[in-house]
Structure formats: structure tokens, C-alpha cells
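This report describes one protein structure for a reader who is new to such models. Please keep the sequence and the structure in view while reading.

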Amino acid sequence: MQEQQRNGIRYLTFAGLSALAGVHHGIFTRHGGVSQGAFASLNVGRVDGEAPEHVVENRHRVAAALGGGPLVGVRQVHGNTVKVVTAEDVTAAPTPADALVTNVPGVLLMVQVADCQPVLLCDPVRKAVAAVHSGWRGSVANVVAVAVRALQDCYGTRPRDLVAGIGPSLGPCCGQFVHYRDEIPERLWPFRVGAHHFDFWAITRAQLSAAGLAPQRIETAGICTRCRTDTFYSYRAEGTTGRFAAVIGLAPDGDPAAPGGPGRTV
Ligand SMILES: [Zn+2]
């Protein structure tokens, strides 16, 4: 991934998505915000113990770093429901869902995570984007495939046109599921590494490939959040902690350039 800086906020970008014109995206770190203590500092999650006004300011900073525009999230529930975001939705209260799709320029889709996978998708042909929250329950529910299907149904997307990025999340080094026989269906057991660990990045790549994406267009950050609490929030490592943002949106009409630039490889 590449590191970018804008308005004092650091965020990471995927090479594949950065190469597309007219798309803004970023994986934000835990730095550059106003939250305190366990939530320091760029927490975008409305979690217990956090000051709501800090979340509002942090979300404003995230949106501003990507050129502004309304930031639309959902009430994430570890399922596989997709919210189709229209121009009218930008002022509505968040509804329960774990993926968002849109073709409205200027709207930024956000998922918030701390170990779960944030997956960003863009169809550069039909001009549509998706943001997906996929924890282990999302992997079991194959939420990424449901999001691809929504892009097909709503915008005529051909899956082979899609460019995808799998963001920082719990890696195979730390993805321990001692009770996997009860929690994870047997069809996913081939992704077990060692006695009790699972490679959920590989699961998502397989699910996206099965949904029709070209494997070479699927990029994996390869950064484990539990190993990198210096940069990201990790629920498994920290318990009480914040959520970092993964955001994607089509540039507003008349603004084809993505902010940032080539950046620095991290
Ligand atoms: Zn790890």
C-alpha cells in the first residue's frame, strides 16, 4: 500500500484503486483525530465510552482528507445485507447492513473496523463503488459475494471489471479460532493454517474470485491489525478500543483527479 497525507491526516491507498481515475479511497489509521485514551485518536466508531462529538469531528476529518463530501456508513451487524446508497440517503440515519454500494458521485462510503476486514471495490467501467465490512461472520455469510451481486444487479457491473482492495485486519498470524469446529463451517476449513488459525484474507480472495473477479485485480494489504496496534485499532489486542475507517467514493462530477499522488510505499 501507499501512504498519503492530506490536511495532516495519514491514510493508506491501494495501488490498483489509485490507478483508476475519478475514485477517492483510503484506509485511515488511528492517528490524526481528537479521541482520547483507549480511543486515541481517529476513532470513527460510536462505541461505549466514546464521546460522540469526537466521532463527529473524526469523521469530518476523514471525509475532508478525501476531498469532502457526505460520508455514509451503516449500523454494522455482521450479516450480509447490502445498502444501496442513493443521493437521498446521505442525510438519513444509518440502517443495519454490512456493505454499501453507490454510483452517486461525491458520496463517500465508509465501513469501520478493528480486526474485521474492510474490503473496497470499484467498477471503473460502470462507475460504481462498494465498501464491505467482513469479520469472520461476514466471511461465513460471504458478504463480499453479496456486494458483488448488488453491483451487478444495480449498475450492470461485470465482475471481471472490478478492482478490489482487502484492508488491514486480523492476519493468519493472529486469526486463532479455538472453537472453529463450532463457529466456522467445514467448507472453510481448508483455509486453516496450523492447529487453530485461519487465513481470512485467503478466504476473501477465494470468495471474490468465485464471484467473478480477476485474481490479479484483488489486492491484499497484508497488514495484521493485532500485530500493528501502533497504527490500527485491534479489538482482539485491546478489547476497549476504537474503529478505523475504510472509505471509497466516486469523485464529484468535474473532479476526476484523486487527491494524494504516488505517495510513499509502506
Ligand atoms: Zn498478527
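**Overall form**

The structure is a predicted model. Its protein chain has seven helices and 15 strands. Along the principal axes, the C-alpha atoms of the protein chain fill a box of roughly 50 × 45 × 35 Å. A compact globule with 266 residues would have a radius of gyration near 18 Å, and the 17 Å of the protein chain agrees with this value. Of the 266 residues in the protein chain, 52% are buried.

**The zinc site**

Which residues coordinate the zinc ion? The donors are the SG atoms of Cys173, Cys174, Cys224 and Cys227, at 2.3 to 2.4 Å. The angles subtended by the four donor atoms around the zinc ion are 103 to 117°, and therefore the arrangement is tetrahedral. Four donors count as tetrahedral if all angles lie between 85 and 135 degrees. For comparison, the ideal angle for four tetrahedral donors is 109.5 degrees.

Along the chain, the donors of the zinc ion follow the spacing C-C-x49-C-x2-C. Cys174 belongs to the loop between strand E10 (163-166) and helix H5 (180-183), while Cys224 belongs to the loop between strand E13 (218-220) and helix H7 (235-238), so this pair ties together parts that are 50 residues apart in sequence. Both Cys174 and Cys224 are buried.

Arg226 also lies in the loop between E13 and H7. Its relative accessible area is 39%, so Arg226 is partly exposed. The C-alpha atom of Arg226 is separated by 6.1 Å from that of Leu170, although the two residues are 56 residues apart along the chain.

**The largest pocket**

The largest pocket has a volume of about 970 Å³. Its lining consists of 35 residues, and those that lie nearest the centre of the pocket are Gln76, Gln112, Val113, His133 and Arg243. Two or more lining residues come from each of strand E4 (71-72), strand E7 (108-113), strand E9 (128-134), helix H3 (136-141) and H7. Which element gives the largest share of the lining? That element is E7, with three residues. By type, the residues of the lining divide into 17 nonpolar, nine polar and nine charged.

**Backbone features**

Most residues other than glycine have a negative phi, and most peptide bonds are trans. Several places in this model depart from that pattern and deserve attention.

A cis peptide bond joins Ala40 and Ser41, with omega at about -10°. Ser41 is placed in the loop between strand E3 (23-28) and helix H2 (52-65).

Lys127 has a positive phi, near 60°, and is a residue other than glycine. This residue is found in the loop between strand E8 (117-123) and E9. Asn142, likewise a residue other than glycine, has a positive phi near 55°. The loop that holds Asn142 runs between H3 and helix H4 (143-155).

**Exposure of loop residues**

| Residue | Relative accessibility | Class |
|---|---|---|
| Glu88 | 62% | exposed |
| Lys127 | 44% | partly exposed |
| Arg226 | 39% | partly exposed |
| Asn142 | 24% | partly exposed |
| Ser35 | 3% | buried |

The classes rest on two cut-offs: buried means under 20% relative accessible area, and exposed means over 50%. Why does Glu88 count as exposed? Glu88 counts as exposed because its relative accessibility is 62%.

Glu88 is found in the loop between strand E5 (82-85) and strand E6 (99-102). The C-alpha atoms of Glu88 and Asp153 are separated by 20 Å, and these residues are 65 residues apart along the chain.

Ser35, in the loop between E3 and H2, is buried, with a relative accessible area of 3%. A separation of 29 Å lies between the C-alpha atoms of Ser35 and Leu17, which are 18 residues apart along the chain.

Note on methods:
Residues numbered from 1 in each chain as written. Predicted model: local features only at pLDDT ≥ 70, side-chain atom pairs only at ≥ 80, totals over all residues. Heavy atoms only, no water. Donors = N, O, S within 2.8 Å, 3.2 Å for Na, K, Ca; no water. Tetrahedral: all angles 85-135°; square planar, octahedral: opposite > 155°, others 65-115°. Helix = DSSP H or I, 4+ residues; strand = E, 2+ residues; numbered from the N terminus. Buried < 20%, exposed > 50% of the residue type's maximum accessible area, 1.4 Å probe, protein only. 1 Å grid on protein atoms, 1.4 Å probe; cavity = no way out; pocket = protein on both sides within 12 Å on 5 of 7 lines; lining within 4 Å. Points joined across faces, edges and corners; volume = space filled by probe spheres on them. Nonpolar A, V, L, I, M, F, W, Y, C, P; charged D, E, K, R; others polar. Rg over C-alpha atoms; globule rule 2.2 N^0.38 Å.
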